[in-house]
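Here is a short report on selected strands, a loop residue and the voids of one protein model. Keep the sequence and the coordinates in view while reading.

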Amino acid sequence: MHYTLYIGCYGDNLLRLRMEPDKGAWAVETGRASVHHSSYLASAGQCIYAITEAGNNSLLSAFGKESLHLINRTAEVQPDPCYLICHNKRLLTANYTGGNISLFPILQDGAIGTPLHTPKESGSGPEQRRQRAAHIHSLQVLEESAPDGAPCTFIVAADLGSDRLRLYRALLGSDGAIEGIVANSPACCSVPPGSGPRHFAIHKGLKMIYLLNEISGSIISFRYSIVRGEAAEWNLQLAYIEEIATEQTGAQASADIHLSPDGRFLYSSNRNIEDGIVHYEIAPDGTLIRRGFTPTAKHPRNFAITPCGEYMVVACKNSNVLQLFRRNLQSGTLTKMWEDFHTGGNEPVCIVIEAD
């Protein structure tokens with residue numbers, strides 16, 4: 001099977017690669033777009049969207065996939081957007097320095113429309129370098145059915161700066177697209193001081209959220225449920241299950257976390273001292289069983305698993321390489337394949353994989 005990879009980079013280019021895992025030359029560049037510091041990417045239809053994370057000069061850009069031509073670019077963003085998702089004709093960004101969430105409509109031609117920004121969140125943590133204020137580091141949309149069968153849409157956001165998972169209710173329009181964002185009740189779920197929530201994975205089958213904490217180097221597991229609020233609205237509620245260490249070095253640099261497509265395994269990446277991927281088996285009750293560690297090149301900031309689950313590609317920022325691993329579908333173990341793909345002067349920090 002062939003795949004198309006879009007690679008966001010610290011540098012001046014977004015890369016497009018053709019990936020053929022069974023060939024020694026497993027990745028070949030097929031295009032690039034000029035965009036500075038494309039720290040996170042998202043795909044929707046025939047477009048690829050890229051964040052430029054650059055303080056008050058941050059941008060959000062839309063490109064056509066076929067030729068990587070620029071459709072449009074907007075500076076109507078909050079400072080340092082660092083995470084981007086697409087959901088039903090909408091783009092949502094997690095804004096690190098902005099401390100909030102932005103919602104952008106996707107127009108008919110794929111262009112980015114005028115945004116809505118939520119209020120800046122407040123709070124801080126004990127780690128003075130990274131926790132002086134709220135820093136929204138990632139977000140996901142969670143769609144669930146209430147106990148009475150009513151459809152519910154929530155937004156969950158990891159706030160590294162204030163040691164919280166922020167919880168919101170999404171207000172939908174008649175076409176199912178998000179039109180507004182309001183606070184859930186409760187509005188947040190706190191984690192131990194100095195944890196530094198970064199990214200998380202949602203297991204809908206088990207109704208679990210696995211939160212990776214950058215500073216403490218741990219994964220905290222929650223079980224979620226939908227409960228009725230005082231005003232008869234449905235709200236998201238989280239219950240703590242367990243916390244386990246992902247690394248013991250004190251590197252304070254845990255990076256990325258993803259489920260396998262079949263929901264049987266969970267993977268997280270460590271950076272700076274013990275560079276590599278930790279993998280866990282998920283027990284029937286949702287608890288985690290550590291099964292192994294696979295070393296990588298330096299600074300595995302981001303990784304992605306192919307839709308079939310057979311391969312993992314890791315973006316190793318400080319080595320300027322992509323690494324390909326075969327994933328054992330039964331045990332979840334990773335085996336390094338072929339030579340690394342070198343990205344030149346571009347430091348790879350985000351991967352989007354699509355099956356051709």
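Strand E5 (residues 47-52) is largely enclosed by the rest of the structure, because six of its six residues are buried. Buried means under 20% relative accessible area, exposed over 50%, and partly exposed in between, with a 1.4 Å probe and protein chains only. Both faces of E5 are covered. Cys47, Tyr49 and Ile51 are buried on one side, and Ile48, Ala50 and Thr52 on the other.

The model is predicted: local features need pLDDT of at least 70, side-chain atom pairs count only at pLDDT 80 or more, and totals for chains, interfaces and linings use all residues. Residues are numbered from 1 along each chain as its sequence is written, and side-chain values use heavy atoms, with hydrogens and water left out. Strands (E, at least two residues) and helices (H or I, at least four) are DSSP runs, numbered from the N terminus.

**Partners of E5**

Two strands pair if DSSP finds at least two bridges between them. Strand E4 (residues 38-44) runs antiparallel to E5, joined by six bridges. Alanine 44 stands opposite cysteine 47 in E5. The E4-E5 hairpin has two residues between its strands, and glycine 45 in the turn has a positive phi of about 60 degrees.

E5 is also joined to strand E6 (residues 59-64) by six bridges, again antiparallel. Serine 61 in E6 is the bridge partner of alanine 50. The hairpin of E5 and E6 has six residues between the strands, and glycine 55 takes a positive phi near 60 degrees.

**A four-strand sheet**

An open sheet has the order E20-E21-E22-E23, with antiparallel pairing. Its edge strands are E20 (257-259) and E23, each pairing on one side only. The twist averages 20 degrees from one strand to the next. Axes here are lines fitted to C-alpha atoms, for helices over the stretch in contact, and angles run from 0 to 180 degrees between N-to-C directions. E20 and strand E21 (residues 265-270) pair over three bridges. Histidine 258 stands opposite tyrosine 267 in E21.

Threonine 296 lies in the loop between strand E23 (288-295) and strand E24 (300-305). Is threonine 296 buried or exposed? Threonine 296 is buried, with a relative accessible area of 13%. Beyond neighbours within four places in sequence, its contacts (heavy atoms within 4.5 Å) include Asp275, Ile277, Cys316 and Phe325.

**Voids**

On a 1 Å grid over the protein atoms alone, a cavity is a set of points where a 1.4 Å probe fits but cannot get out; a pocket is an open set with protein on both sides within 12 Å along at least five of seven lines; lining residues have an atom within 4 Å of a point. Grid points are joined across faces, edges and corners, and a volume is the space filled by probe spheres set on the points.

| Void | Volume | Lining classes |
|---|---|---|
| Largest cavity | about 50 Å³ | three nonpolar, three polar, two charged |

Ala, Val, Leu, Ile, Met, Phe, Trp, Tyr, Cys and Pro count as nonpolar, Asp, Glu, Lys and Arg as charged, and the others, Gly among them, as polar.

The largest pocket is lined by 32 residues, and Tyr40, Tyr83, Ile85, Gln140 and His258 are the closest to its centre. Among the 16 residues lining the second largest pocket, Arg129, Arg130, Arg198, Glu214 and Arg271 lie nearest its centre. The lining of the largest cavity includes Tyr40, Arg198 and Arg301.

Key. Contact means heavy atoms within 4.5 Å.
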